[in-house]
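Good morning, and thank you for coming. Please look at the sequence and the structure as I show them, and then we shall go through them together.

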Amino acid sequence: MANRVSVYRKEHFNAAHRLHNPALPQDENQRLFGKCNLPNYHGHNYELIVKVTGEIDQRTGYVVDTKILSDLVNEHVISKFDHRNLNLDVAEFKTLNPTAENIAIVIFNILRPFLSEQLDLQIRLYETPRNFVEYPTS
Amino acid sequence: MAIFYLTRKEHFNAAHKLYNPAWSREKNEEVFGKCANDNWHGHNFDLYVTVKGEPNPETGFIVDAKLLSSIIKTYVVDVLDHRNLNLDVPFMKDKLCSIENLVFGIWNELMPHIPAGVSLHCIKLVETPSIFIEYYGE
């Protein structure tokens with residue numbers, strides 16, 4: 001296991017969202033989500049860090065080709081999320097509250113099938129410079 | 001007497017879109033691209049407000065930075081944070097929601113509340129890590 005290395009690729013997207021649980025009454029939504037519940041949406045510059053961990057392929061010297069990783073993230077995540085309204089424009093959030101936690105899980109589930117089973121995947125998502133989440137937990 | 005420039009940094013998260021209602025959807029998409037997305041997108045905006053003046057001999061500073069912060073919060077951040085800039089902000093009503101118009105509006109909102117002894121010098125608004133705008137009241 002001496003040659004297991006983590007490779008990180010950083011991407012970003014700008015999107016609108018609001019936090020709202022339609023199963024709860026409006027005053028409860030307001031209490032739980034505060035200004036994040038405001039009806040006309042707000043937005044963030046999301047920073048996405050995709051971490052891929054595995055053994056170095058001795059043929060290439062890579063764990064994963066970062067260009068291929070970047071293309072995957074851009075094609076399957078950024079193109080769907082960037083300059084969109086996460087609640088309204090992204091199918092996965094039609095019935096799922098777009099918290100940073102849930103966005104990270106959705107991104108993980110989108111990308112996981114495109115990576116070899118020998119590679120571990122972890123998503124870190126910054127919603128603001130001070131609020132960020134990781135999935136799966138390390 | 002020496003003149004000093006003091007900058008206070010604040011931030012807000014908001015949704016917006018670039019859209020000219022006088023144009024067709026096609027023309028809006030041609031000019032504004034993905035920024036014209038119907039359902040909005042959003043940013044973490046960083047706001048830098050710079051005032052200039054001479055130090056008060058009794059305090060040594062040109063302005064109380066905490067007072068400047070509370071003025072910016074009251075008249076700008078509380079109005080913009082977690083809002084939709086196109087829909088929720090009175091001073092952006094019927095204006096194209098570019099950062100040029102936004103920074104101009106912020107200047108006009110702050111101007112009447114700048115403390116005695118300093119003058120408003122510059123407002124810088126950072127929309128993304130790679131796009132920002134400055135306005136000097138010209």
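Some conventions come next. This is a predicted model, in which local features need pLDDT of at least 70, side-chain atom pairs count only at pLDDT 80 or more, and totals for chains, interfaces and linings use all residues. Residues are numbered from 1 along each chain as its sequence is written, chains are lettered from A and ligands numbered from 1 in the order in which they are written, and side-chain values use heavy atoms, with hydrogens and water left out.

Let us stay with the interface. Chain A brings 23 residues to the contact and chain B brings 22 residues, where contact means heavy atoms within 4.5 Å. About 1800 Å² is buried between the two chains, and carbon and sulfur atoms give 50% of that area. Buried area is the accessible area (1.4 Å probe) that two parts lose on being put together, summed over both. In chain A, the residues that lose the most area to chain B are N40(A), N45(A) and H83(A), together 33% of what that side buries.

There are two salt bridges between chain A and chain B, each a side-chain nitrogen of Lys or Arg within 4 Å of a carboxyl oxygen of Asp or Glu. One of them joins D82(A) to K34(B), with the closest N and O atoms 2.6 Å apart.

Now to the sheet of chain A. Five strands form an open sheet in the order β3-β1-β2-β4-β5, with mixed pairing. Strands (E, at least two residues) are DSSP runs, numbered from the N terminus, and two strands pair if DSSP finds at least two bridges between them. The edge strands are β3 and β5 of chain A, each pairing on one side only. β1(A) and β2(A) run antiparallel and are joined by 14 bridges. Within that pairing, N14(A) has N45(A) in β2(A) as its bridge partner.

Finally, chain B. Its strands β1 and β2 run antiparallel, joined by 13 bridges, and N13(B) has N44(B) as its bridge partner in β2(B). β1(B) also pairs with β3 of chain B, in the parallel sense, over two bridges. Thank you.

Conventions:
Helices (H or I, at least four residues) and strands (E, at least two) are DSSP runs, numbered from the N terminus.
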